[in-house]
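Dear colleague,

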Amino acid sequence: MYDHVLIPVDGSDEATAAARRGLALARDFDATAEAVHVVDQRARRLTRTDRESRRLREHGESVLAEIESLAADAGQPVTTALLEGKPSVQIDEYARETDAELIVLGRQGMTGLGKRLLGGVTEQILHRTAVPVLVVSDGTQAKRDEFDYSQILLPTDGSANAETATRHGAAVADRYDATVHVLNIVDIQAAGGAFNAGGLNEAFIERLEDNGRDAVAATADELGQIAPDVSVQTAVEQTTSLDGVAAGIQAYVSDNDTDLVVMASHGRSNLKRQLLGSVTSQLLRTVDVSVLVTPRST
């Protein structure tokens with residue numbers, strides 16, 4: 001599944017934690033690993049002398065040298081590249097040029113201007129790339145030396161886009177002998193708003209749950225065909241939270257000791273034409289576990 005893993009790093013603690021995860025995953029999949037650092041063009045514009053420009057490149061080289069040291073400790077060979085430009089653009093283009101099959105990066109990081117944000121490089125890459133992205137949480141799980149993927153959550157809304165995550169979930173589960181939880185969240189608030197019902201009767205909610213059971217059953221069947229030895233559990237859960245599907249997924253993650261969420265960057269529910277992509281974006285901000293985001297189907 002993953003023959004070439006690309007690991008963008010910026011020198012932040014979050015990026016270093018993500019690099020450890022990426023190197024370990026590359027080792028476990030017998031893949032090549034490559035670390036890249038992008039000298040941010042915005043920082044370059046602020047330089048006034050050749051010495052200042054040189055210091056930016058020297059910083060990038062030191063960041064990459066740290067990853068080489070981590071790779072040596074992990075017993076995983078790594079190559080490195082120093083790029084320059086807009087980080088999200090350079091990372092996406094480099095991933096395509098090198099046929100990367102997975103990008104691993106931190107949920108938060110440090111831009112060249114020293115500003116920390118989720119909605120920066122990480123989210124920009126998620127919006128533009130056609131390569132799967134493993135977004136490593138900055139929580140306590142990311143700081144462990146050994147990574148446990150024994151419980152994997154695969155949310156689905158029944159859409160073709162959501163189905164793109166299935167083979168990735170199967171590959172990781174097969175590699176780590178994990179149990180895959182296939183989950184559909186019935187969003188009661190969205191359903192009520194869409195039909196302006198002012199309260200939903202039991203029969204209508206049951207139909208929503210039937211649709212959810214159909215979605216998880218189809219995904220479970222596909223998992224069985226792709227990875228017949230993987231253990232699969234299915235669940236349909238209701239949420240009445242105003243935060244919608246993301247809140248339901250977050251609750252399931254907490255209640256079931258989830259180690260990894262695998263989900264599509266985009267999907268579409270049958271209600272209010274909601275994008276699953278907005279759910280993915282919300283989830284990345286709230287869960288304390290890593291999320292493997294797969295690109296939309298074309």
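Of the contacts (heavy atoms within 4.5 Å) in the protein between residues at least 6 apart in sequence, 79% join residues at least 24 apart. The model is predicted, so local features need pLDDT of at least 70 and side-chain atom pairs count only at pLDDT 80 or more, while totals for chains, interfaces and linings use all residues. Residues are numbered from 1 along each chain as its sequence is written, and side-chain values use heavy atoms, leaving out hydrogens and water.

The protein has 11 helices and 10 strands, taken as DSSP runs numbered from the N terminus (helices: H or I, at least four residues; strands: E, at least two). Of its 298 residues, 54% are buried, that is, under 20% relative accessible area with a 1.4 Å probe, protein chains only.

Two helix pairs were examined, with axes fitted as lines to C-alpha atoms over the stretch in contact and angles running from 0 to 180 degrees between N-to-C directions.

Helix H4 (residues 87-97) and helix H5 (residues 121-128) have axes that come within 9 Å and cross at roughly 45 degrees. Pro-87, Ser-88, Val-89, Ile-91 and Asp-92 of H4 meet Val-121, Gln-124, Ile-125 and Arg-128 of H5.

Helix H7 (residues 166-176) and helix H9 (residues 202-226) pack at about 50 degrees, their axes 10 Å apart, and are therefore also oblique. Thr-166, Arg-167 and Ala-170 of H7 contact Thr-219, Glu-222, Leu-223 and Ile-226 of H9.

Yours sincerely

Terms used. Buried < 20%, exposed > 50% of the residue type's maximum accessible area, 1.4 Å probe, protein only. Parallel < 35°, antiparallel > 145°, perpendicular 65-115°, else oblique.
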